Structure formats: C-alpha cells, structure tokens
Amino acid sequence: MAAETGEATQGHVAKLSMLTLTGVVVGSMVGAGVFSLPGRFASETGIFGAVIAWIIAGAGMLMLAFVFQMLANRKPELDAGVYAYAKAGFGEYLGFFAAFGYWASACAGNTFYWVFIMSTLSGLGVAGLGSGATLLAVGLSSIGLWVFFLLIRRGVQSAALVNQIVTIAKLVPIIIFILICLFVLDPEALRQNWYGADYAGSLFEQVRSTMLVTVFVFLGVEGASVYSRHARRRTDVGRATILGFLSVFAIFASVTIVSYGVMPMEQISQLEQPSMAGILEYAVGPWGRWFVSIGLIISVLGAYLAWSLMAAEVLSVAANERDMPCFLGKLNRTDVPVNAVLLTSVLVQGMLVILLFAEDALDLALDLTSSLTLIPFLLAAL
C-alpha cells in the first residue's frame with residue numbers, strides 16, 4: 001500500500017533543491033529550438049527587428065513566469081501547476097482538458113526530439129536515417145525511448161540529478177558558440193544585417209513573423225511549477241522559475257544576435273537546420289558542425305528527460321484528484337508515477353510509428369506541440 005500513496009512514500013524520498021528545480025526549468029526550455037534560432041530569425045528579420053522581438057516576447061513570457069511564481073506562493077497546496085491552476089479557476093471540466101492537453105503536448109514534443117536527433121545524425125553521415133522518420137530511425141528512437149523509461153523508473157531524484165548534469169553539459173557548447181562568434185565578429189556584417197534584407201518586409205511584419213518562434217522556444221518555463229510537490233520549499237518554485245527564465249532568455253537572445261555578426265543574413269537563412277552548426281562551420285571549419293551537432297543531441301536528450309518527468313507528473317496529480325483514471329496515480333517505492341510514465345512512453349511510441357507515414361515528421365510534431373500547449377497556458381494565466 002505504501003507504494004500506492006504519495007503520502008506514504010513522500011517522507012522517505014529526497015526533496016528537490018532550488019538549484020535542481022532551476023535545472024528542470026532550464027533543461028525543459030533549452031532543447032532543439034535554440035539550435036535553429038539563427039536560421040529562423042535570419043529568414044524573417046535583421047538585428048533591429050530581432051532585438052524588438054526578443055524584448056516583446058521576453059517581457060510577455062516574464063509576465064507568465066511571474067504568474068507561476070505568484071500562484072506558487074499564494075496557492076502552495078496546488079500541485080502540477082498548469083493543470084491545477086486551470087481546475088482551481090474554472091472547474092473540473094476545463095481542468096481535465098488542461099491536464100490532457102499539456103500531457104499530449106509534452107508527448108508530441110518528445111516525439112519531435114527523437115525525430116530531430118535522428119535527422120541530426122543523418123546530417124553527420126549516418127546512413128539510413130533520412131529525415132528522422134525511416135524504419136531504422138524509428139527503431140533506434142524506440143530503443144532510446146524505453147531506455148529513458150527505465151531510467152525514470154529508478155526515481156524522481158536520480159532522474160532530476162541526471163537532468164541537472166545534462167543541462168550543464170548542453171549549455172557548454174552553446175556558450176562556446178557565443179564566445180567564438182564574438183571572437184570572429186565582423187562589424188561590417190553587423191552593419192549590413194542591422195535593418196534586414198530586401199525580403200524581410202516592413203519592421204512590423206518582421207517582428208510579427210518571429211513571434212511564434214520566440215514563444216515556442218520558451219515552452220518549459222512552467223517546469224518548476226509542474227514539479228512543485230517535490231520541492232524542498234514551495235517558495236523555491238517561484239524563484240527557480242524566474243531564475244531559469246532569465247538565464248535561458250539571455251542565452252537565446254545572445255545566440256540570435258551574435259550570429260548576425262558572422263555572415264550575411266541571406267546566407268544564414270539558407271542554412272540547413274540546425275543553423276548554429278552551419279554558422280560555426282563557416283567560422284572555424286568542419287569541426288564546428290560536429291561540435292554543435294553533438295551539443296544538440298545532448299541538449300535534446302536532456303529536454304526529453306525533463307518533459308517526460310513533467311508529462312507523467314501532470315497525469316499522476318490529475319489521477320489523485322480523480323480527474324484521470326486512478327491507476328495513473330500509483331507511485332512506486334522511489335516516488336515515481338510508474339503507470340503515468342508507462343502511458344507517456346506508449347503514446348510517444350505510437351506517435352513515432354504514425355510519423356512513418358507523415359510527409360514532414362518534424363513539422364507535424366512541432367505543430368502538435370505548439371497547438372496543444374496554448375490552451376493550458378491560457379487557462380493558467382487567466
């Protein structure tokens with residue numbers, strides 16, 4: 001019986017510190033998106049438009065981070081953030097849809113991560129992986145999927161510790177990329193890229209066209225809030241949210257701006273994704289592509305772990321509140337909602353198989369992730 005109730009096991013399981021919770025926020029936000037930022041921005045706007053876009057998106061997402069901080073402090077009894085806030089504000093019906101939508105979005109995002117990893121390996125010369133959705137790619141992704149399932153089953157604390165280590169490992173190549181770009185910075189390239197190219201359109205159109213990109217890369221700001229029941233102190237949830245957001249915001253904006261100082265934006269916009277790899281290859285030679293690609297794989301695996309934890313956590317808390325089937329709330333001896341983790345892995349596995357028949361697996365997974373997340377975020381903010 002002790003394995004089936006959170007109260008029975010929680011007292012024997014180590015709690016998460018503010019540093020670890022901050023790692024969950026950073027780990028869930030820094031995934032594949034940051035490696036594609038230079039190309040996505042260069043295809044829409046120049047430096048001036050990029051700065052305005054980051055100010056607008058950063059201010060908006062900071063307000064959302066403050067929302068999660070305020071709710072964590074004022075409603076410390078509510079667990080699993082996005083779902084719990086939607087239910088408390090609007091009742092069980094919308095609470096259920098917030099939980100289901102957020103969980104399904106996390107599963108779609110995790111599916112995207114596996115496809116992106118396989119596509120990156122294909123770009124490095126690994127045969128048979130294609131765009132990430134071939135039979136071989138799905139087979140390798142499936143093996144990785146179930147290895148992570150076994151890791152998460154070992155315990156929330158151990159999985160969060162692995163996420164913290166991976167988060168540090170994946171930040172290193174991104175920071176090195178920023179430093180190298182600053183070292184080879186060409187003032188003339190900055191001048192030419194300041195207002196954008198002829199294809200960019202008016203400044204308003206440039207900024208508007210980047211909004212979806214900036215919002216997508218900030219998904220995960222709610223990470224500490226979703227994982228609130230494991231916090232050592234509830235006040236750490238809000239602090240970790242703000243600290244994690246500010247750290248990631250600085251990294252995202254820096255990656256975007258320094259890229260404009262390496263090469264003309266017309267060339268950046270034509271680079272294959274991940275565009276960071278193409279920029280570093282242009283700056284330092286072929287080893288730059290390998291360096292960024294390895295960093296991307298580490299980054300995506302870390303984000304996958306963070307999102308798997310959050311997806312299972314939402315299902316588990318909703319089950320304990322009788323808004324999901326009760327078996328999803330069952331905890332094992334290491335405080336892991338094992339059935340929720342299993343169901344999450346099964347859905348990701350199913351999506352991987354479905355993507356075998358999709359024309360563009362990456363775009364399909366991305367669209368699903370973005371669209372399924374918007375309603376839960378809106379309900380939490382309201």
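This is a predicted model: local features need pLDDT of at least 70, side-chain atom pairs count only at pLDDT 80 or more; totals for chains, interfaces and linings use all residues.
Beyond its neighbours within four places in sequence, Phe252 is in contact with Met29, Val30, Val34, Leu37, Trp54, Val217 and Phe218. Phe252 and Phe177 are the residues with the most contacts inside the largest nonpolar core, a set of 110 residues. Helix 15 gives the most to this core, namely 17 residues.

I turn now to helix 16. This helix runs over residues 338-354, 17 residues in total. From its first C-alpha to its last it reaches 24 Å, close to the 24 Å expected at 1.5 Å a residue. Which of its residues are buried? They are Val338, Ala340, Val341, Thr344, Ser345, Val348, Gln349, Met351 and Leu352. In an α-helix, residues three or four places apart point the same way, because there are 3.6 residues a turn. The cover over the buried residues of helix 16 includes helix 6 (92-123), helix 7 (135-153) and helix 15 (287-320).

Helix 7, helix 15 and helix 16 are the elements that give two or more residues to its lining. What residues line this second largest cavity? They are Asn110, Leu145, Phe148, Phe149, Ile152, Tyr304, Ser308, Val341, Thr344, Ser345 and Val348. Of these, Val341, Thr344, Ser345 and Val348 also belong to the buried residues of helix 16. By class, the lining of the second largest cavity has seven nonpolar and four polar residues, with no charged residues.

Methods
Residues are numbered from 1 along each chain as its sequence is written. Side-chain values use heavy atoms; hydrogens and water are left out. Helices (H or I, at least four residues) and strands (E, at least two) are DSSP runs, numbered from the N terminus. The expected span of a helix is 1.5 Å times one less than its number of residues. Buried means under 20% relative accessible area, exposed over 50%, partly exposed in between (1.4 Å probe, protein chains only). Contact means heavy atoms within 4.5 Å. A nonpolar core is a set of buried Ala, Val, Leu, Ile, Met, Phe, Trp, Tyr and Cys residues joined through side-chain atoms within 4.5 Å. On a 1 Å grid over the protein atoms alone, a cavity is a set of points where a 1.4 Å probe fits but cannot get out, and a pocket is an open set with protein on both sides within 12 Å along at least five of seven lines; lining residues have an atom within 4 Å of a point. Ala, Val, Leu, Ile, Met, Phe, Trp, Tyr, Cys and Pro count as nonpolar, Asp, Glu, Lys and Arg as charged, and the others, Gly among them, as polar.
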